[in-house]
Amino acid sequence: MPMSRRALAAAAVALVLPLSACGSGDDGSGSTDASGKVEGDITFQTWNLRANFKSYFEGVIADFEHKYPGTHVKWVDQPAEGYPDKLSADAAGGTLPDVVNVSPDLVAPLAKAGLALDLDKSAAKYRSEYLPGAWAGHQVPGLSGTYAFPWYLNTGPLFYNKALFTKAGLDPEQPPRTYDELFADAMRMAEKSDGKVATLANVPTIEDFGRYGVPLMNEQGTGFAFNDAKGVKLLTKYKELYDAKALDPQALTATPESSGKKFLTGAVAMNPGSALDLGNFKKNAPGLYRNIGITDQITSTGHVNMYVMGVMVNSRTEHTPAAVAFAHFVTDARNQMSFAKKVAIFPSTAGSLDDPYFTKDDGTDETRVRTAAAKSLKNAVNYTPVLFSDQMKTALRNEVAKALQGKESPKAALDNAVAAADRLLQQG
């Protein structure tokens, strides 16, 4: 799929398996023993990657087949649109490929249905090769185990418009670094521009509550908890921003693309992004590019948000040793490093982020973003709960909208969102 922070965020869509598939038994014909000879024909499925990375994947597959002469890998690539539905249909029909590109929320229902191989049992020897936070990214509350190899990671900074900061009487060299500073600067920006310039363009999502330090689920992973006092405080702050037009009036219906356009045109002063965005600024908004400021994600926890992709092994594959070996091969340090140099993503393998490519700043904005992101990823967290489905995200967004519009209190809105999410969780 498209390799940007926004694309990875948008990729966190939920897979809904038929209720009959719920459960956690491994009653398929596959073996969990990956210690045998690596041989046989397997199918590898990616998520919207063929168009831009055909030669890369063909090279990886050729290298694998050369290393293991008795293997053959068939590569299939699915479009971004409808990918969760495709996985759901394959899971229900027993046609799930042997090795599958997944995100944490996509692997959760597959693991619950007994279709994802537990790597803590079948591939534990590889665990130390990956960053601890990345390996944990495909663990599912309520289940013991890890259900996909971590693949590429992404995170990104906050970009801000120095010219707009200056115009509002704010120091362009001192962007906000805490939530209190962010909210204060946003109110100042709205006041000085008579509501014409908002600082933020998006309503708070589940990851924003996580970054703010709100507990998202109970310790057992059986219910959601983001309606606590701290969660209410954050949503109350956003309500104040919305009323003052410090939060863009169209934030209720904003998409990452529309927010990005607002930032390009100077209607919004700050926007999250990745190193990929710098080229877009340079090409399509040279005035903004000359005034671009780059700062860290704002967090109350000391940990930035991580987006993680993974490679899952079908527990019912007929060639477990080959499937596990290939999933590991695709995600090993050498292949991840090679992939990271083709596009602005980051490897999940231990030690890779210490490579000079991720640590040496040559003075350009591109390397500044890359080195800062790589440093922050070493202890980053995927704040979006694995069990927080697309339906749950919609429920939260709808309740947040009601609170911002004054139709419900922030407390009532979050209570309702938690109740809806808990209902959906129980239905799974």
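This is a short tour of a predicted model, with stops to select in the viewer.

**Before you start.** Residues are numbered from 1 along each chain as its sequence is written. In this predicted model, local features need pLDDT of at least 70, side-chain atom pairs count only at pLDDT 80 or more, totals for chains, interfaces and linings use all residues, and side-chain values use heavy atoms, with hydrogens and water left out.

**Stop 1: colour by confidence.** pLDDT is the predictor's confidence in each residue, from 0 to 100. The protein chain has a mean pLDDT of 90, with 93% of its residues at 70 or more. Now select residues 1–28, where the pLDDT is below 50. Beyond near neighbours in sequence, this stretch has 90 contacts in the model, a contact being heavy atoms within 4.5 Å. Where pLDDT is low, the predicted coordinates should not be read in detail.

**Stop 2: the sheet.** Select the five strands of the open sheet, whose order is β2-β1-β3-β8-β4, with mixed pairing. Strands (E, at least two residues) and helices (H or I, at least four) are DSSP runs, numbered from the N terminus; two strands pair if DSSP finds at least two bridges between them. β2 (71–78) and β4 (149–154) stand at the edges with a single partner strand each, so one side of each has no neighbour in the sheet. From one strand to the next, the twist averages 20°, with axes fitted to C-alpha atoms and angles between N-to-C directions running from 0 to 180 degrees.

**Stop 3: two strand pairs.** Select β1 (residues 40–47) and β3 (residues 99–102), which pair in the parallel sense over two bridges. Q45 has V100 in β3 as its bridge partner. Next, select β4 and β8, which run antiparallel and are joined by four bridges. Here N154 has Y307 in β8 as its bridge partner.

**Stop 4: N314.** Which loop holds N314? N314 lies in the loop between β8 (307–313) and α14. N314 is buried, with a relative accessible area of 6%. Apart from neighbours within four places in sequence, N314 is in contact with L96, P97, D98 and L115. A polar atom of the N314 side chain lies 3.0 Å from the backbone oxygen of L96.

**Stop 5: helix α14.** Finally, select residues 320–330, which form α14. Of its 11 residues, 11 are buried, including P321, F326 and H328.

Key
Buried < 20%, exposed > 50% of the residue type's maximum accessible area, 1.4 Å probe, protein only. Polar contact = N/O pair within 3.5 Å; in protein donor to acceptor, adjacent residues only side chain to side chain.
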